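Let's sit down with a structure and learn how to read it, one feature at a time. Ask whatever comes to mind as we go.

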Amino acid sequence: MLVKVFGAAVQGINATLITIEVNVTKGIKFFLVGLPDASVKEAHERIVSAIQVNGFKFPRQQIVINMSPADIRKEGSDYDLPLAMGILAASETIKSDKLSDYLIMGELSLDGNILPIKGALPIAIMAKENGFKGFILPTENAKEAAVVEGLDVYGVENIRQVIGFANDELELEKMIVDIEQEFLFSQTNFEFDFSDVKGQENVKRALEVAAAGGHNIIMVGPPGAGKSMMAKRMPSILPPFTMEEALETTKIHSVAGKLEKSISLMSRRPFRSPHHTISDVAMVGGGTYPQPGEISLAHNGVLFLDELPEFNRSVLEVMRQPLEDRQITISRAKFSVEYPASFMLVSAMNPCPCGYYNHPDRECVCPGGAVQKYLNKISGPLLDRIDIHIEIVPVPFEKISDRTPAEHSSEIVKRVVKARQIQAERFKNVSGIYCNAQMTSKMLHKYAAPDAAGLQLLKTAMDRLNLSARAYDRILKVSRTIADLNSDEKVLPAHLAEAINYRNLDRESWAG
């Protein structure tokens, strides 16, 4: 008897429908075709054990299974459950009437328990688009898949439940998630808040400007000045997720298997902080079976690189293209996948190897030229993609011991959201541009052109401070954001003056 069941293959962050055709005839052989990898082929032993342990007989006949389309490689153990159900239905051990209405995925253990899968959300989205009535998958993934409206999602723990459901002997419990309640509650519930930061008002202001315009930022300062502390609080002042952003970000984490079991939909912007020993592939994604890297896991959120010069040069250089294009393409001989990578880069570094160059109280003990050599570990093209450079000095004792509460993140984020709304209105007719950091040179002339006084200020600054030519566009972008925070229609000299102060590393005299 020939039976068709349905599964899915995940490529990038999207899923493709896989039709599993099972034909049971006279004979004794087992054939599995359709470009399965080794882990799919090993499903035979897991399926035999799971069926027998749960009181059913594995058919002693010839079984031919085709996984279509045959030109897409089938990877992983997630096909165990649909393969098992297809075999049982084709051998007439169970009814086959319902199977074509549902998409089925899950890994089987030897005792028939169903283990979690990766990519449940993109698979659920694909199932709805293809008109399936429901999606049967492991219980651990049911909450994640239930985010998709208009699709019945059933979480199962053992193959017996699926067999009982197919034979009309058992009703599966439908997973229902109140998306709105979970989404709105988590958006305002942050572990870290800027009210914990004493002093550093100029740095907090720079971080607010960065959040308002989506600008990349680098903080330079001695150990213990609060660089990491403030970076960890960046997500608390970023604009809340839109539903579209939340779905896209959740899909990436779902494909990578990084989604927490208790979470159905990511409601907070991600904060990724990889160690400086990370490899190129782990940063941008890839591998034999391509997976999203840190830059994609930070999509719509923050990628924090602490001790920036300590990262391998090659790791930093591979980020240059994603920082510009906001996506990464991973190519292999037979296929290529694209992962989104629209992240905000927040980085921190010491000013020199000993950490105390320009320190107000401690003397730098680095030999001559060491400061410039240390800074040169970060290439000019990468530094060119960082809009805001801010120098941090240690907080004096009077500020540390001050018990006056600092401004809460909830107050800062109100100003950030207001500025982002101005930008959203400005770029509503421009595809792919959502914030000031993404503006092209042509758009700068239209939206951030300074007046005569502003141009004179820029000229004077570039002459006196020896600013590099690449600083010009960055200053205009940042000044446009500062104007938006002040609700000013035009870029004024005061906005330019503040933006100029955020280009410390462009000054030729900075490293001595």
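Q: How many cavities of 30 Å³ or more does a search of the whole structure find?
A: The general idea is that rolling a probe the size of a water molecule over the atoms shows where empty space is left. Here, the search turns up three cavities of 30 Å³ or more.

Q: What about pockets: which residues lie nearest the centre of the largest pocket?
A: A pocket is open, whereas the probe cannot get out of a cavity. In this structure the largest pocket holds about 880 Å³ of space. Its lining has 30 residues, with Glu245, Arg269, Asn300, Arg420 and Tyr434 nearest the centre.

Q: Which helix supplies the largest share of that lining?
A: Look at H18, which gives five residues, the largest share. Helix H10 (243-256) and helix H18 (409-426) each supply at least two lining residues.

Q: Since the model is predicted, where is confidence lowest and where is it highest?
A: The rule to remember is that where pLDDT is low, the predicted coordinates should not be read in detail. The protein chain averages a pLDDT of 90, and 96% of the residues score at least 70. Confidence is lowest in helix H7 (residues 179-187), with a mean of 65, and highest in strand E5 (residues 102-104), at 97.

Q: How many helices and strands does the protein chain have?
A: Its secondary structure comes to 22 helices and 18 strands. The C-alpha atoms fill a box of roughly 90 × 50 × 45 Å along the principal axes. Of the 512 residues in the protein chain, 53% are buried.

Q: How many salt bridges does the structure hold?
A: In general, side chains of opposite charge can pair when their charged atoms come close. This structure holds 23 salt bridges. One of them joins Arg385 and Glu324, whose closest N and O atoms are 3.3 Å apart. Arg385 lies in the loop between helix H16 (380-384) and strand E18 (388-391) while Glu324 is in helix H14 (residues 320-325), so the pair ties together parts that are 61 residues apart in sequence.

Q: Is Arg385 buried or exposed?
A: Buried means under 20% relative accessible area. Arg385 counts as buried because its relative accessibility is 18%.

Q: Which partner does Arg474 have in a salt bridge?
A: Its partner is Asp384, with the closest N and O atoms 3.9 Å apart. Arg474 sits in helix H21 (residues 471-485) and Asp384 in helix H16, so this pair links distant parts of the chain, 90 residues apart. Arg474 is buried at 12% relative accessible area, whereas Asp384 is partly exposed at 22%.

Q: What separates Asp463 and Lys459 in helix H20?
A: About one helical turn, because these residues are four apart in helix H20 (residues 452-464).

Q: Which residues make the nonpolar surface patch of about 210 Å²?
A: Phe31, Val33 and Val64 make this patch. Val33 belongs to strand E3 (residues 30-33) and is partly exposed, with a relative accessible area of 40%.

How values were computed:
Residues numbered from 1 in each chain as written. Predicted model: local features only at pLDDT ≥ 70, side-chain atom pairs only at ≥ 80, totals over all residues. Heavy atoms only, no water. Patch = residues over 30% accessible without salt bridge, like charges linked within 9 Å, V, L, I, M, F, W, Y side chains within 5 Å. Areas by Shrake-Rupley, 256 points an atom, 1.4 Å probe, with all protein chains shown as cover. Salt bridge = Lys/Arg side-chain N within 4 Å of Asp/Glu carboxyl O. Buried < 20%, exposed > 50% of the residue type's maximum accessible area, 1.4 Å probe, protein only. pLDDT = per-residue confidence, 0-100. 1 Å grid on protein atoms, 1.4 Å probe; cavity = no way out; pocket = protein on both sides within 12 Å on 5 of 7 lines; lining within 4 Å. Points joined across faces, edges and corners; volume = space filled by probe spheres on them.
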